[in-house]
Amino acid sequence: MDSTFEGGFANPVFDAQTSFRAIMDALANPGTPHKLAETALAQGPLKVELASTLLTLSDADTHIWLSETLRTEPIEAFIAFHTGAPLTRDPGRATFAIVASVDELPRFDEFNLGTQEYPDRSTTIVLAVPALSGGADIVLRGPGVNDHWHCSPIGLPEDFLTQWVENRELFPRGIDLLLVADGHVIGLPRSTRISEGH
Amino acid sequence: MTTTAQYNFAYLDEQTKRMIRRAILKAIAIPGYQVPFSSREMPMPYGWGTGGVQVTASIIGPNDVLKVIDQGADDTTNAVSIRAFFAKVARVATTTHTSDATIIQTRHRIPEKPLGQGQILVYQVPIPEPLRFLEPRETETRKMHALEEYGLMHVKLYEDIARHGRIATTYAYPVKVEGRYVMDPSPTPKFDNPKMHMSAALQLFGAGREHRIYAVPPYTEVVSLDFEDHPFTIQHFEDPCALCGAEQVYLDEVILDDRGGHMYVCSDTDNCEERRAAGHVGTLGMQEAAE
């Protein structure tokens, strides 16, 4: 079976709604995992969570930046067929950046950070990580967090906290980050303040 | 087989929903910032809540339970029509009970009962720009938000004090969200402003005619603008609700006759009904008949 045509959502309307609510709840409650619709099929290195997010949010109006191992003919054909989204090689033009692993993730400030007048035009980075818990403890504060919240995703950049502080300082500009693994998504909107846990 | 044309689930087509969903995500990431979106024609006139309806249509799923209120009431035209609309196009369950609802669409009130985690409050917003009556040009208000230049708003509140001796704004009272954006809480009475602060519910705002969506995530600081010597205060009512005897709630005046007779009753009908069912009686209320 040619997987270009297969692998979309089994129920496009309801699966997209399920995944959207997971992503919305994830950004509204930073650090908490929410379950994505999993009826999409993985396309090689394009994991099911990445495919699900793409199918939920992207269309002809969104520029997609793919990390290096995702720039394959079958994946590009899959995205073209199911979403019609244009691809870009320039991270500064990306609406969504789909990143297969942390090794392929550019620095946050290479993406579109939005403008002071239109901060909503910034890139949303969707990063596949090995797991959403079990790593180094980080503490989240800010909108959506009742006082503070601990989480410990594995597979963040080594200088993540420094980069995040720089990103937070740009507020209201800045990138938003979605971490996906094990069928779930964690949201880290630009408004979140992150510090090292103990 | 039916010959009637079927609408997509929740009326809107999927591409429109995606566009609105992307706007909602950015709105949540930048609390209080108004995200432009491409508002659609809805099968109801502008001013009837087309912004709120589009937001609700984009987030609602088959398992949601929807409540719609208009000035606190579940049984007014706007609320009944929108509830019937979603019962028809999304076949979702509807309720009038605040605590049973997962999504509450509102026109200008926040329910008296505190909202819980996981609940979503969708506001219908007529004019989303708090600075619009002070500065009519969008290019200018956008720059003012970008530069965090809100002096004009304080001048407006100060002029209230100079003229009336107090801040005379009673509804659509401007708030500052998370110390950054000044936001219009939609024309809710200022009585409801404190409920927005650190609410456990997600608050989404849709302005259909003005093409804007904005949001306040749960547990977010929402502070009403004021001055040290003229602190923000909410409306105070002398008497409790005439039907259920509730205090510390927002009351509507109801005219009883043409000789000046009137009474004050709960604006939140669900809260009033629940209290009466629990046996609370006001001065003009009647004891609920025992079941």
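Student: How many salt bridges does the rule find across the interface of chain A and chain B?
Tutor: It finds four salt bridges there. Keep in mind that this is a predicted model, where local features need pLDDT of at least 70, side-chain atom pairs count only at pLDDT 80 or more, and totals for chains, interfaces and linings use all residues. Residues are numbered from 1 along each chain as its sequence is written, chains are lettered from A and ligands numbered from 1 in the order written, and side-chain values use heavy atoms, with hydrogens and water left out.

Student: Why is the pair A:D59 and B:R18 called a salt bridge?
Tutor: The term asks for a side-chain nitrogen of Lys or Arg within 4 Å of a carboxyl oxygen of Asp or Glu. Between A:D59 and B:R18 the N to O distance is 2.9 Å, so the pair meets the rule.

Student: How much area do chain A and chain B bury between them?
Tutor: About 3200 Å², 63% of it on carbon and sulfur atoms. Buried area is the accessible area (1.4 Å probe) that two parts lose on being put together, summed over both.

Student: Which domains does the assignment give for chain B?
Tutor: Domain 1 covers 14-130 + 172-220, and domain 2 covers 251-290; such bounds come from an automatic or database domain assignment. The centres of these two domains of chain B, taken over C-alpha atoms, are 27 Å apart. Their contact takes 13 residues from domain 1 of chain B and seven residues from domain 2 of chain B.

Student: What area is buried between domain 1 and domain 2 of chain B?
Tutor: About 740 Å², of which carbon and sulfur atoms give 30%. On the domain 1 side, B:G72, B:E112 and B:K113 supply 40% of the area buried against domain 2 of chain B, more than any other three residues.

Student: How do you know that B:K113 and B:E274 form a salt bridge?
Tutor: Their closest N and O atoms are 2.6 Å apart, and the Lys and Glu side chains are of the kinds the rule names, so the pair qualifies. Across the interface of domain 1 and domain 2 of chain B, the rule finds one salt bridge.

Technical notes. Contact = heavy atoms within 4.5 Å.
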